[in-house]
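We will go stop by stop.

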Amino acid sequence: VRTALAVLALSCAVAAHADDLSIGSPAPADFEVTAADGSHAAFASLKGPVTVVAFVSAKCPVANAYLQRMIDLYKDYSAKGVHFVFLNSNSNETAADLATVFPVYKDPNNRAADLFGAQTTPEFFVLDNVNAVRYHGAFDDSQNAARVRVHGLQSALDAVLSGRAVSPERTKAFGCSIHRVRHS
Amino acid sequence: MKFLFLLALPLAAQSFTPVDEAGYQKLVQSQKGSVVVIDFWATYCKPCRAEMPQLVKLEAKLHAKGMRVVTVSADEPEAMAAAKKFLAEAGAAALPAYVKRPKDDDKFIDAIDPKWQGALPALFIYDRGGKKVRSFIGETAIADIEAALQKLL
């Protein structure tokens, strides 16, 4: 049984994912997520005028290196009206693993990760008030907080909140791959 | 003097060559004539560590047919001692070892594969002409990698 589960849990190659969403395109909205207490929530009900969708992990050392930075941003920008939807899409983790820090939802069968084309933890999307993707990418440009030069996610939020163009709109960074279930 | 030389030898055998966008292209070109697996890994990446000994075995199996494995560590400078130690323990010390050191990770990742977000493990296969023919992002069964290679050998 363990072997069968391990085979089932093997991740798919990138070809099995949706291509990532282009900037300005509508974000996926029609899917459900599961809270740490087991209750279900429609993703659409969690969104606000500006929404951060964050793909996170409790086991990924890169995501953990960003934990304090994510908590600080969550606190600062929640106060500014930004909604955060933290999603754990890893098939080998539960939503409860990080739920004491900020609310984390389980993404059953990594459906949201597939719809968004997310590959990595941590990976972020910023959606505006018409559900358009305004930013996709990394939290910032260095796992080591002392070497950060570009605060991609924070800059994007500041731009969207003040009605300015986002720059950069698209960033990339090394991280852990999302541990997907295999779709046959 | 001879003693000092012997002391330096293992360190030299496990050194990492820093690579940026231009260096990566040179690396690919230098492997022309072989079917090459370029394996991006990091010490923090558990599935990368599990995959490494399997790649070493696969390289040994297919070496005579012209298959080569090159490793590129995505580790930060603080982790390089651990990276060297890991490669030795995984039996991979003899493989060409590079480390990513671009000015900007973002542009480096995009230059290697526009569809790659930077997720590890990531493994790219180049044919004998130096053309990228397959990208495996995330955990991949070694049998799938071998099957892709066999088509090129």
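How many bridges join strand E6 of chain B to E7(B)? Select residues 122–126 of chain B, which are strand E6. 5 bridges join E6(B) to E7(B), and the two strands run antiparallel. Strands and helices here are DSSP runs, numbered from the N terminus: a strand (E) has at least two residues, a helix (H or I) at least four. Two strands count as paired if DSSP finds at least two bridges between them. Now click Phe124(B): Ser135(B) in E7(B) stands opposite.

Before moving on, some ground rules. This is a predicted model: local features need pLDDT of at least 70, side-chain atom pairs count only at pLDDT 80 or more, and totals for chains, interfaces and linings use all residues. Residues are numbered from 1 along each chain as its sequence is written, chains are lettered from A and ligands numbered from 1 in the order in which they are written, and side-chain values use heavy atoms, with hydrogens and water left out.

**Stop 1: the sheet of chain B**

Show the strands of chain B. 6 strands form an open sheet, in the order E1-E4-E3-E2-E6-E7. The pairing is mixed. Strands of a sheet pair through backbone hydrogen bonds, either parallel or antiparallel. Find the edges next: strand E1 (17–19) and strand E7 (132–137) of chain B each pair on one side only. Neighbouring strands of this sheet are turned by 25° against each other on average, direction ignored.

**Stop 2: a link inside chain B**

Select Glu146(B) and Lys61(B). They form a salt bridge, with the closest N and O atoms 2.7 Å apart. The term means a side-chain nitrogen of Lys or Arg within 4 Å of a carboxyl oxygen of Asp or Glu. Glu146(B) sits in helix H6 (residues 142–150) of chain B, and Lys61(B) in helix H3 (residues 46–62) of chain B. The two are 85 residues apart, so this pair links distant parts of the chain. The whole structure has 13 salt bridges over all chains.

**Stop 3: where the chains meet**

Colour the two chains differently. The contact (heavy atoms within 4.5 Å) takes 30 residues from chain B and 29 residues from chain A. About 2300 Å² is buried between them, and carbon and sulfur atoms give 47% of this. Buried area is the accessible area (1.4 Å probe) that two parts lose on being put together, summed over both.

Which residues of chain B lose the most area to chain A? Select Tyr44(B), Gln117(B) and Glu139(B): together they account for 34% of what that side buries.

Next, select Arg147(A) and Glu78(B). Their side chains meet in a salt bridge (2.7 Å, N to O). Now show helix H5 (105–112), strand E5 (119–120) and E7 of chain B: each supplies at least two residues of the side that touches chain A. H5(B) gives the largest share, 5 residues.

**Stop 4: a sheet across two chains**

Select E6(A), E9(A) and E5(B). These 3 strands form an open sheet in that order, with mixed pairing. Strand E6 (120–121) of chain A and E5 of chain B stand at the edges, each with a single partner strand, so one side of each is left without a neighbour in the sheet. Strand E9 (residues 175–177) of chain A pairs with E5(B) in the parallel sense over 2 bridges. Look for Cys176(A) opposite Leu120(B). E6(A) and E9(A) pair in the antiparallel sense, also over 2 bridges. Here Thr120(A) has Ser177(A) as its bridge partner.

**Stop 5**

Most residues other than glycine have a negative phi, and most peptide bonds are trans. Click Leu120(B) again, then Pro121(B): the peptide bond from one to the other is cis, with omega near 0°. Pro121(B) lies in the loop between E5 and E6 of chain B. In chain A, the bond from Ser167(A) to Pro168(A) is cis too. Finish at Asn110(A), where phi is near 45°, a positive value.

Key:
Axes are lines fitted to C-alpha atoms, for helices over the stretch in contact, and angles run from 0 to 180 degrees between N-to-C directions.
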